[in-house]
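This report looks at how the side chains of one protein chain are arranged. Please keep the sequence and the structure in view while reading.

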Amino acid sequence: MRLYVEARIRAGIDDVWDRSQVPDRHQRWDLRFSEIDYLPCAPGEPQHFRYATRVLPLLTVDGTGVSAGERNRPDGTRTSALRFFSAHPLSLIEEGRGYWRYVPDGDALRFLTGYDYRPRWGRFGRVVDRLLFRPLMGWATAWSFDRLRLWCERGITPERSLRHALAEVCVRIAAVVATAAAVAPATALAVAGAALLLPPLSGTPAARRCLRRPPEQAAGRSESAAAPTALLATLEQ
């Protein structure tokens, strides 16, 4: 099942494009990556890049990819397509491809992505991916998109929004622990449920603020969520 995430960002298309296409800005807000670096390539060729994700303090999983973008489309949208690969034995993702779309919509921008990948490790890898890894990737993508939205709309830097998120989690856990030690179990369960279900504060990133499925739209607008097959085809060569 292809992963899909869409955020509505009240910011200019140039600002969102730069913060998602320039490696040292992209890696600041995207929870999925610790490092993104462009690799040398000839003029006119698709851009090659290296990415890395720190999964433990002393363990980093890396891979490479290639991307191509269209900044000046007749309909005013922009598109970036990419393919990615990892030869690291601990990377569940063996290879994949996806796209990003930037779609002006009134006073806001629809920033959306769709991507899919092939897991390694055979049947075991497919089971782990379906039950755990793919849902986690979907959540991390959506959480990161809202983190970018806060940066673009409200000037809350990715580093600051991460601190907000960690502080809020600690407060919720502390409230549950304190309640469990002082009240009846039923009340403690109610507090724990509230701590899980209450929406995050407005300055804290939240995956729930993003769409996780393409919206049902009229034909003209639904095309903005379709995979850019022509652009992806250039990366297959």
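## Surface, core and charged pairs

Leu136 has its place in helix α3. The model is a predicted one. Leu136 counts as partly exposed, because its relative accessibility is 46%, and a residue is called buried only under 20% and exposed only over 50%. Together with Leu31 and Trp139, Leu136 forms a nonpolar patch on the surface, and the accessible area of this patch is about 280 Å².

Nonpolar side chains in soluble globular proteins tend to be buried together. Here the largest nonpolar core has 21 residues. Ile9, Val16, Trp29, Tyr102, Phe111, Phe145 and Leu148 have the most contacts inside it. At least two residues of this core come from each of β1 (3-9), α1 (13-21), β6 (93-105), β7 (108-119) and α3 (122-154). With six residues, α3 gives the most. Which residues does Leu148 touch, leaving aside neighbours within four places in sequence? Leu148 is in contact with Ile9, Val16, Arg19, Trp29 and Phe111. A second, separate core has nine residues, including Phe49, Tyr51, Ile93 and Met137.

The loop between β7 and α3 holds Trp121. Most residues other than glycine have a negative phi. Trp121, which is not a glycine, has a positive phi of about 75°. Trp121 counts as partly exposed because its relative accessible area is 37%.

Side chains of opposite charge can pair when their charged atoms come close. A search of the whole structure finds 22 salt bridges. The table gives some examples.

| Asp75 | Arg73 | 3.8 Å |

Asp116 is partly exposed, with a relative accessible area of 31%, whereas Arg134 is buried at 9% relative accessibility. Arg73 is partly exposed at 27% relative accessibility. Salt bridges also link Glu35, Asp37, Arg50 and Asp62 in a network.

How many disulfides does a search of the whole structure find? The search finds zero. Cys41 counts as partly exposed at 30% relative accessibility, and Cys170 counts as exposed at 51%.

Technical notes
Residues are numbered from 1 along each chain as its sequence is written. This is a predicted model: local features need pLDDT of at least 70, side-chain atom pairs count only at pLDDT 80 or more; totals for chains, interfaces and linings use all residues. Side-chain values use heavy atoms; hydrogens and water are left out. A disulfide is a pair of cysteine sulfur atoms within 2.5 Å. Buried means under 20% relative accessible area, exposed over 50%, partly exposed in between (1.4 Å probe, protein chains only). A nonpolar core is a set of buried Ala, Val, Leu, Ile, Met, Phe, Trp, Tyr and Cys residues joined through side-chain atoms within 4.5 Å. Helices (H or I, at least four residues) and strands (E, at least two) are DSSP runs, numbered from the N terminus. Contact means heavy atoms within 4.5 Å. Patches are made of residues with over 30% relative accessible area and no salt bridge: like charges are joined within 9 Å, nonpolar side chains (Val, Leu, Ile, Met, Phe, Trp, Tyr) within 5 Å. Accessible areas come from the Shrake-Rupley method with a 1.4 Å probe; for residues, only the protein chains shown count as cover. A salt bridge is a side-chain nitrogen of Lys or Arg within 4 Å of a carboxyl oxygen of Asp or Glu.
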